[in-house]
Amino acid sequence: MAPSDEADLVERARAGDVDAYADLLAAHQAAARRLAAALGGSGDADEVVQDAFVKAWYGFPGFRRGSAFRPWLLRIVANEARNRRRAAGRRAGYELRFATDRAASAGAEPSPEAAVLVTEARRSVVAALAGLPEGLRDVVACRHLLELSEQETGVVLGLPRGTVKSRTSRGLRRLARALEGGDRG
């Protein structure tokens with residue numbers, strides 16, 4: 001979606017146009033789902049996204065005109081996911097489900113052997129990512145699973161850009177050590 005189209009949809013949605021808001025959500029739903037799964041566990045991701053979208057609708061008066069919609073929306077999703085995670089008292093066993101497999105989205109059907117390898121690799125990454133401290137895990141998930149910029153990640157997580165940069169670096173180092181079979185700390 002072109003930025004000018006999104007800006008038009010945002011203004012229409014702010015004015016109460018439900019169809020414009022639905023179009024905005026459709027454009028960002030996959031990223032919101034992945035973020036909710038990354039930060040709160042995939043079991044509640046759909047509910048987190050739904051609740052966050054409702055909160056965003058009612059939170060439009062707080063949206064600054066001219067700001068980027070996606071980071072604003074994803075911050076609401078991130079807050080909702082973290083609130084649910086804390087309320088449920090879950091600290092371990094996080095699962096990440098990627099909305100689509102990149103190979104499948106590129107149109108290539110993986111062989112059964114490749115599908116098994118991808119599944120095993122995904123499980124390893126999920127386990128290693130779940131072993132990271134919350135602050136590092138959240139930043140790595142935003143930067144590398146959602147492919148957000150440092151600035152967008154900072155907005156989504158409420159962190160300064162320098163903190164995003166340092167946590168990304170530390171998180172990736174720890175993730176690499178965990179995947180190599182080294183310690184997770």
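Modeller: Happy to! A helix here is a DSSP run of H or I with at least four residues, and helices are numbered from the N terminus. On that basis this predicted model reads α-α-α-α-α-α-α-α-α along the sequence, with nine helices and zero strands. The protein has 185 residues, of which 37% count as buried. Among contacts between residues at least 6 apart in sequence, 68% join residues at least 24 apart.

Let's take helix 7, residues 134-145, as our part, and begin with helix 2, residues 18-40. Helix 2 and helix 7 pack at an angle of about 155°, and their axes are 9 Å apart. Angles over 145 degrees count as roughly antiparallel, so helix 2 is roughly antiparallel to helix 7. The crossing of this pair is right-handed. On the side of helix 2, Arg-34, Leu-35, Ala-38 and Leu-39 make the contact, and they meet Arg-137, Asp-138, Ala-141, Cys-142 and Leu-145 of helix 7. Sorted by class, that contact has six nonpolar and three charged residues, and no polar ones.

Now for the next helix along. Helix 8, residues 150-157, packs with helix 7 at an angle of about 135°, again with axes 9 Å apart. The two helices are therefore oblique to each other, and their crossing is right-handed. Helix 7 brings Asp-138, Val-139, Cys-142 and Arg-143 to this contact, while helix 8 brings Glu-150, Thr-153, Val-156 and Leu-157. Here the classes are four nonpolar, one polar and three charged residues. Asp-138 and Cys-142 take part in the contact with helix 8 and also in the contact with helix 2.

Between helix 7 and helix 8 there is a loop, and Glu-147 is in it. The backbone of Glu-147 deserves a glance: phi is positive, about 60°, although the residue is not a glycine. Glu-147 is exposed, with a relative accessible area of 53%.

Helix 9, residues 161-179, comes into the picture through Thr-168. Leaving out residues up to four places away in sequence, Thr-168 touches Val-139, Val-140, Arg-143 and His-144. Thr-168 is buried, with a relative accessible area of 9%. Its C-alpha is 9.0 Å from the C-alpha of Glu-150, a residue 18 places away in sequence.

The largest nonpolar core has 36 residues, and Leu-35, Phe-60 and Phe-69 have the most contacts inside it. Helix 7 and helix 8 each give two or more residues to this core, as do helix 1, helix 2, helix 3 and helix 4. Helix 2 gives the most, with ten residues. Setting aside residues up to four places away in sequence, Leu-35 touches Leu-74, Val-77, Ala-78, Cys-142, Leu-146 and Val-156. Another core lies apart from the largest one; it has ten residues, including Ala-38, Ala-141, Leu-145 and Leu-175. Ala-38, Ala-141 and Leu-145 also belong to the contact of helix 2 with helix 7.

Note on methods: Residues are numbered from 1 along each chain as its sequence is written. This is a predicted model: local features need pLDDT of at least 70, side-chain atom pairs count only at pLDDT 80 or more; totals for chains, interfaces and linings use all residues. Side-chain values use heavy atoms; hydrogens and water are left out. Axes are lines fitted to C-alpha atoms, for helices over the stretch in contact, and angles run from 0 to 180 degrees between N-to-C directions. Angles under 35 degrees count as roughly parallel, over 145 as roughly antiparallel, 65 to 115 as roughly perpendicular and the rest as oblique. A crossing is left-handed if the near helix is turned anticlockwise from the far one by less than a right angle, and right-handed if clockwise. Contact means heavy atoms within 4.5 Å. Ala, Val, Leu, Ile, Met, Phe, Trp, Tyr, Cys and Pro count as nonpolar, Asp, Glu, Lys and Arg as charged, and the others, Gly among them, as polar. A nonpolar core is a set of buried Ala, Val, Leu, Ile, Met, Phe, Trp, Tyr and Cys residues joined through side-chain atoms within 4.5 Å. Buried means under 20% relative accessible area, exposed over 50%, partly exposed in between (1.4 Å probe, protein chains only).
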